[in-house]
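Q: Please show me how to read a few features of a model, one at a time.

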Amino acid sequence: MAGAGPAGSVAALCLARAGRRVQLLDSRPCDIPGPQGASPYRIGETLPPAARPLLRDLGLLAGLDADGHLPCTGTDAAWGSEYLHGRDHIMDPHGHGWHLDRVRFDAFLRSAAEDAGARPVCGVAVRPAGQPGAWRLVVRDHGVERELACAWLVDATGRRAVIARQGGVRLRQDRLVAQYTLLTGPVQADQDLRTLVESVPGGWWYTARVPTGRLVAHLTDLDLVEPRLRTSAGFLKGACGTRHVRTRLDGYATRQLPEPRWAPAHGQRLAPLAGPGWVAAGDAALACDPLSSQGILTALHSGARAAAAVDGYLRGETDALAAYRAFIDGIAARYLALHTRAYADEARWVSSPFWARRRPAVAAVAGIFTPD
C-alpha cells in the first residue's frame with residue numbers, strides 16, 4: 001500500500017480485515033505548523049455528511065466523533081451574486097459534516113489500519129520494479145533506497161500517482177492551484193462553523209473554521225496567480241479586499257502571518273486506473289476540484305472499493321477490477337456534470353481568463369480531461 005492518506009489507510013484497513021497481509025507505506029507528510037503545542041496543519045479539511053454511512057460500516061464513526069474535530073453545519077456562498085446564499089446541513093438525512101484537523105484524521109485512519117493488522121513501513125514510494133505477482137516497490141527513507149516485495153500494489157500516492165503512472169496516463173482538467181494559510185487561534189469569538197465561498201474576477205476564495213484556527217484559501221490557475229498574493233502581506237490584503245471572507249478574519253493575529261503555501265487543486269484522473277497487479281485509489285485515481293468538497297469522501301470510498309477489487313480478484317472474481325473501474329467512472333461522470341454546472345452559475349466575469357476557460361462551450365471544445 002503506497003500512501004497512508006485516507007484512501008491508502010482505508011484500503012489497508014479493508015484488506016487487513018479480509019485476511020490479507022498488508023504493508024502500509026507512510027511518509028507522514030505535513031504542511032503548515034499549527035500553534036505552539038499543536039499538530040502541523042494540512043489542507044483538505046471538509047468531510048461532508050454523506051461520509052457517515054461508510055464510516056459507520058467501517059466501524060470508524062464513533063471514533064471520529066470523539067476525536068475533537070469541528071462540525072460543519074453548512075455552506076454560505078457568494079457565487080453568481082454579490083450576496084450570500086446558504087445551504088444548511090440541518091435537513092440532511094445524514095446530519096452535519098466536519099471541518100477536520102487533517103493531520104489528526106489521517107493519523108486516526110492509519111491507526112485503525114494498523115490495529116486491523118496492516119504493518120506500517122516508513123518511507124516514500126519512488127518507483128515500482130519487477131513484474132505483476134512479484135512486484136518490488138523501491139522506497140526512499142532519509143535518502144536511503146530499499147525494496148519491498150509484494151504481490152499487489154495499491155497506489156494511493158495522490159495526484160503524483162507514482163506507481164500507477166507507469167501503466168496509465170494522468171489526465172488533468174485545468175491548472176487550478178490553491179494558495180492558503182492558517183490563522184492560528186482559535187479565537188473564542190469565532191463560532192461560525194459554516195464554510196464560506198466567495199468568487200472574484202480572478203478565481204475564488206474560501207475560509208473555514210478548523211480545530212487549530214481558521215483556514216483561508218485562494219484558488220486560481222497557476223499562470224494567473226497575482227504576484228502580490230505570493231507574500232503574506234499581499235495575501236492578507238487580497239483576503240481583506242473581499243466582501244465576505246474578510247468578515248471572518250476579525251480577532252485573528254495577522255502581523256506574523258506565514259507566507260501562503262501551495263497545493264495542486266486541479267481535477268485529475270488516471271486512464272486506465274488499474275492493471276495487472278496494481279490499482280490506483282484516492283487522488284491517484286480521481287482528484288476533484290475543491291469546490292466540490294468531495295475529495296476526502298471520494299478517497300474513502302475509492303480506498304474501500306479498491307480493497308474489495310483486489311481481494312475479489314485474488315479470490316478468483318475475474319470482473320472485480322472492471323467493477324472498480326465502473327465505480328470510479330460513475331463518480332467521474334457525476335463530478336464533471338456538477339463541475340460544469342457550478343462554474344456556469346457564475347456569469348459575472350465571463351471575459352475574465354479564469355472564468356472564460358470554464359465556460360461550458362470552451363470546456364467542451366478543449367476537452368474536460370487532457371493528458372498531463
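Q: How many aromatic pairs does a search of the whole structure find?

A: Rings of Phe, Tyr and Trp (its six-membered ring) pair if their centres lie within 6.5 Å; planes under 30 degrees apart count as stacked, over 60 as edge-to-face and the rest as tilted. The search here finds ten aromatic pairs. In one of them, W204 and Y206, the ring centres are 6.1 Å apart and the planes meet at 35°, so the pair is tilted. W349 and W355 form another tilted pair, with 6.3 Å from centre to centre and 40° between the planes. This is a predicted model: local features need pLDDT of at least 70, side-chain atom pairs count only at pLDDT 80 or more, and totals for chains, interfaces and linings use all residues. Residues are numbered from 1 along each chain as its sequence is written, and side-chain values use heavy atoms, with hydrogens and water left out.

Q: Which residues do ring pairs link into a cluster?

A: The cluster consists of W79, W204, Y206, Y343, W349, F354 and W355.

Q: Is W204 buried or exposed?

A: Buried means under 20% relative accessible area, exposed over 50%, partly exposed in between (1.4 Å probe, protein chains only). W204 has 1% relative accessibility, so it counts as buried. Y206, at 9%, is buried, and W355 is buried at 3%.

Q: Where does the charged end of R305 sit?

A: A charge sits over a ring if NZ of Lys or CZ of Arg is within 6 Å of the ring centre and within 35 degrees of the ring normal. The charged end of R305 is over the ring of F327, 4.0 Å from its centre. R358 lies over the face of Y343, 5.6 Å from the ring centre.

Q: How many residues of α1 are buried?

A: Helices (H or I, at least four residues) and strands (E, at least two) are DSSP runs, numbered from the N terminus. Ten of the twelve residues of α1 are buried, so the helix is largely enclosed by the rest of the structure. Among them are P6, V10 and L13. Helix α1 covers residues 6-17, and G19, which follows it, has a positive phi near 95°.

Q: What covers the buried residues of α1?

A: The cover includes β1 (23-26), α4 (102-115), β11 (153-155) and α6 (295-314).

Q: Leaving aside neighbours within four places in sequence, what is V197 in contact with?

A: Contact means heavy atoms within 4.5 Å. V197 is placed in strand β14 (residues 195-200). With those sequence neighbours set aside, its contacts include W79, W204 and Y206. V197 counts as buried, at 8% relative accessibility.

Key:
The expected span of a helix is 1.5 Å times one less than its number of residues.
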